[in-house]
Amino acid sequence: MNKQFSLRLGRAIQAVGINPTQFAYKAGVPQGTISKCLNGHVPTAKILLRISKMSGKSVDWLLTGKEKKGSGEGYVAEKAARYGHGQRKLKAADEIWIDKLL
């Protein structure tokens, strides 16, 4: 149980200017999960990222209350990995299809 996390989450939701149910809907998180989080439960990384994006607060701030300087928008958005690409020589037709899919 993490009361500090729940307090920071409550402040973040309040700062957005909507109620927790609306926040959950807009963040794509089950309302019950937000309710649990407001009562001290720390969510999974996937849910934490959604909360971070919706609130505009960093994951670091939500978890620890500390903000890294120069942290940008408050969350990490990495470029998708290109698994299998470049490991072996592909035919030209295959490369075209892979590029279209990516």
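Buried means under 20% relative accessible area, exposed means over 50%, and partly exposed lies in between (1.4 Å probe, protein chains only). This is a predicted model, where local features need pLDDT of at least 70, side-chain atom pairs count only at pLDDT 80 or more, and totals for chains, interfaces and linings use all residues. Residues are numbered from 1 along each chain as its sequence is written, and side-chain values use heavy atoms, with hydrogens and water left out.

**View 1. The chain has six helices and zero strands.** Helices (H or I, at least four residues) and strands (E, at least two) are DSSP runs, numbered from the N terminus. In order from that end, the elements read α-α-α-α-α-α. Of the 102 residues in the chain, 25% are buried. Contact means heavy atoms within 4.5 Å. Take the contacts between residues at least 6 apart in sequence: 48% of them join residues at least 24 apart.

**View 2. V42 sits in the loop between helix 3 and helix 4.** V42 has 34% relative accessibility, so this residue counts as partly exposed. Set aside the neighbours within four places in sequence, and V42 touches N2, F5 and L63. V42 and L63 are 21 residues apart in sequence. Their C-alpha atoms are 8.3 Å apart in space.

**View 3. Helix 4 has a buried face.** Its buried residues are I47, L48, I51, S52 and S55. Seen down the helix axis, they fall within an arc of 140 degrees, so they line one face of helix 4. The arc is that of the directions from the helix axis to the C-beta atoms. An α-helix has 3.6 residues a turn, so residues three or four places apart point the same way. The cover over the buried residues of helix 4 includes helix 1 (3-16), helix 2, helix 3 (31-38) and helix 5 (59-64). On the face turned away from the buried side are the exposed residues A45 and K46.

**View 4. S52 belongs to helix 4.** S52 counts as buried because its relative accessibility is 0%. Its side chain reaches the backbone oxygen of K57 at 2.6 Å. Such a polar contact is a pair of N or O atoms within 3.5 Å; within protein, one must be able to donate a hydrogen and the other to accept it, and residues adjacent in sequence count only if both atoms are side-chain atoms. Just after helix 4, G56 takes a positive phi of about 80 degrees.

**View 5. Helix 2 (residues 20-27) crosses helix 4 (residues 45-55) at roughly 110 degrees.** Their axes come within 9 Å. Axes are lines fitted to C-alpha atoms, for helices over the stretch in contact, and angles run from 0 to 180 degrees between N-to-C directions. From helix 2, F23, K26 and A27 meet R50, I51, M54 and S55 of helix 4. The residues of this contact are four nonpolar, one polar and two charged. Ala, Val, Leu, Ile, Met, Phe, Trp, Tyr, Cys and Pro count as nonpolar, Asp, Glu, Lys and Arg as charged, and the others, Gly among them, as polar.

**View 6. Helix 1 and helix 4 cross at roughly 40 degrees.** Their axes come within 9 Å. F5, L9, A12 and V16 of helix 1 meet L48, I51, M54 and S55 of helix 4. This contact has seven nonpolar, one polar and no charged residues.
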